[in-house]
Amino acid sequence: MAEKSYKYVILGGGVAAGYGAREFVEQGLKPGELAIISKEAVAPYERPALSKAYLAPESPARLPGFHTCVGGGGDRLTPDWYTEKGIDLILNTEIVEASVANKTLKAATGVVYKYEKLIIATGATFIKLTDFGTPGADANGIYHLREVQDAAALYAAIKATPNGSAVCVGGGYIGLELAAALRLNNLNVTMVYPEPFCMPRLFVSEIAAYYEGYYKEKGIQIIKGTVATGFESNDEGHVKTVKLKDGRELKADIVIVGVGARPNTGLFKDQLTLEKGGFKVDGFFKTSAPDVYAVGDVATFPLKLYNELRRVEHVDHARKSAIQAVKAIKAAEEGKTTEEYVYLPFFYSRAFSLSWQFYGDNVGNAVVWGTDTASNTNGKFGAYWVKDGKVFGAFLEGGSAEENKALAEAARNQVPVSTIKEIAHL
Ligand code: FDA
Ligand code: NAD
């Protein structure tokens, strides 16, 4: 059986892998030391583009345009870059078995990869309605979105269905970003979600009401407080109707399912300590096993700012955690230490001409400003989450780079609530 050995292996070829590879090079990497093993067919890219620019009706973004690390303001690492740096980019290769004790990863191809140090960056996989046994949920025309081939299939369906009907199941990030993308492509779009308002993981009702109102003005129908309980297909097995729990039926040529994601931990689940659904790591992203690190969506890390362990499924953390793990590996090799990871959670989304950013923690009471139509003349509004008289979380729609920076500082420093007015009127 073929075997290959590397000093470092990054398992997974997503966002964290790209930023991790760049950091290895910056810290000093010899040709042949690093391999990235990915089941995807392409070099690491900025996954957020898939639900936004990739689906734009005019001049959609395509690879190689959005390879990492352009999203973080860096150079674009095309496949040639990996070759130049002597990094083995092992694509189309799914690892199906892993042994932490033997330091091996076995691919579906049968090849065994040995490592001295491993960074697990396997990300997450979408949850499907078939996972819940929803009848008809395996029909053609029902789409999920995680990898570039999912986006390509969806894009082709959009182009093949001019003026068709689309239903977005789920009111989170995918639901909101995809509903906008489909509407921009002129489809008749309906969103369906069980909660009383969209993005309940983060928004409060006043924030959600603003976006729901905006979406309705754009012609998107929103049905809340119910779920899809089944799908009917035509004779070719293509979805044609979404059946809702409340008895309603919706015509659909395209269905998008965005009901959450599950971290890809299965390969190591009996070998590494798990916590909150991810691999438990320390402030250097070391797992419970020597020489094994975990970063990005699969890592449950100490969020020092709030003194708790947390898993974060967002791109900023994927980038920064990968950089931190590589720094820690390199420092340890030189007998040095690095600073522990100190992270301020940062989430953002863009849809239509909307663009919001959030920093910190959405705990305590939310104080929302600017959503009333009288004061909201420029589409700008925001919110602060206040606990113990201090700002823990800060949200801003339509902010400038300078304002967003100020927001981040307010959340990072947990400024006293008395200063909120000044921040709001930057
Ligand atoms: P990521 O998912 O990027 O990479 C995992 C890699 O591992 C993939 O290449 C996968 O194929 C590979 N892999 C998994 N198992 C494997 C195996 N057994 N063998 C080989 N390879 C394997 N966040 C944000 O902050 N703002 C945003 O706007 C968006 N937008 C967005 C849009 C869409 C469509 C998605 C799906 C997600 C976002 N996100 C986001 C979330 C963000 O993209 C996500 O948090 C990061 O991609 C996580 O980076 P990772 O490297 O951890 O996983
Ligand atoms: P999500 O957790 O953001 O939203 C899931 C939504 O699914 C819930 O809000 C709820 O409305 C709905 N839901 C849950 N169970 C349901 C059911 N049985 N029937 C119908 N609806 C149900 O997850 P997502 O939107 O699927 O996103 C997937 C992943 O991609 C996440 O990790 C997310 O962070 C990431 N992502 C992030 C961004 C961003 O940060 N801008 C953009 C796109 C995707």
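A residue is termed buried when its relative accessible area is under 20%. The legends below describe close-up views of a predicted model.

**View 1. Cysteines C168 and C198 in the predicted model.** C198 is buried, because its relative accessible area of 0% falls under the 20% limit. C168 likewise counts as buried, with a relative accessibility of 0%. The structure contains zero disulfides. For C168, which takes part in no disulfide, the nearest cysteine sulfur belongs to C198 and is 12 Å away. C198 is also in no disulfide, and the nearest cysteine sulfur to it, that of C168, lies at 12 Å. A pair of cysteine sulfur atoms must be within 2.5 Å to be counted as a disulfide.

**View 2. The largest cavity and its lining.** The count of cavities of 30 Å³ or more comes to one. At least two lining residues come from each of three elements: helix α5 (205–217), strand β22 (346–351) and strand β23 (354–360). Sorted by class, the lining comprises eight nonpolar residues, two polar residues and one charged residue.

**View 3. Surroundings of ligand 1.** There are 33 residues around ligand 1, of which E40, K52, R146, E147 and D297 come nearest. K52 places a polar side-chain atom 2.5 Å from an oxygen atom of ligand 1. At I95, a polar backbone atom lies 3.0 Å from a nitrogen atom of ligand 1.

**View 4. Surroundings of ligand 2.** Ligand 2 is surrounded by 21 residues, and the closest are I174, E195, G260, E313 and Y348. Y348, one of these closest residues, has a backbone N or O atom 2.8 Å from a nitrogen atom of ligand 2. A nitrogen atom of ligand 2 also lies 2.8 Å from a polar side-chain atom of E177. An oxygen atom of the ligand is 2.9 Å from a backbone N or O atom of G171.

Key:
Residues are numbered from 1 along each chain as its sequence is written. Chains are lettered from A and ligands numbered from 1 in the order in which they are written. This is a predicted model: local features need pLDDT of at least 70, side-chain atom pairs count only at pLDDT 80 or more; totals for chains, interfaces and linings use all residues. Side-chain values use heavy atoms; hydrogens and water are left out. On a 1 Å grid over the protein atoms alone, a cavity is a set of points where a 1.4 Å probe fits but cannot get out, and a pocket is an open set with protein on both sides within 12 Å along at least five of seven lines; lining residues have an atom within 4 Å of a point. Grid points are joined across faces, edges and corners, and a volume is the space filled by probe spheres set on the points. Helices (H or I, at least four residues) and strands (E, at least two) are DSSP runs, numbered from the N terminus. Ala, Val, Leu, Ile, Met, Phe, Trp, Tyr, Cys and Pro count as nonpolar, Asp, Glu, Lys and Arg as charged, and the others, Gly among them, as polar. Buried means under 20% relative accessible area, exposed over 50%, partly exposed in between (1.4 Å probe, protein chains only). A residue is near a molecule or strand if one of its heavy atoms lies within 4 Å of it. A polar contact is a pair of N or O atoms within 3.5 Å; within protein, one must be able to donate a hydrogen and the other to accept it, and residues adjacent in sequence count only if both atoms are side-chain atoms.
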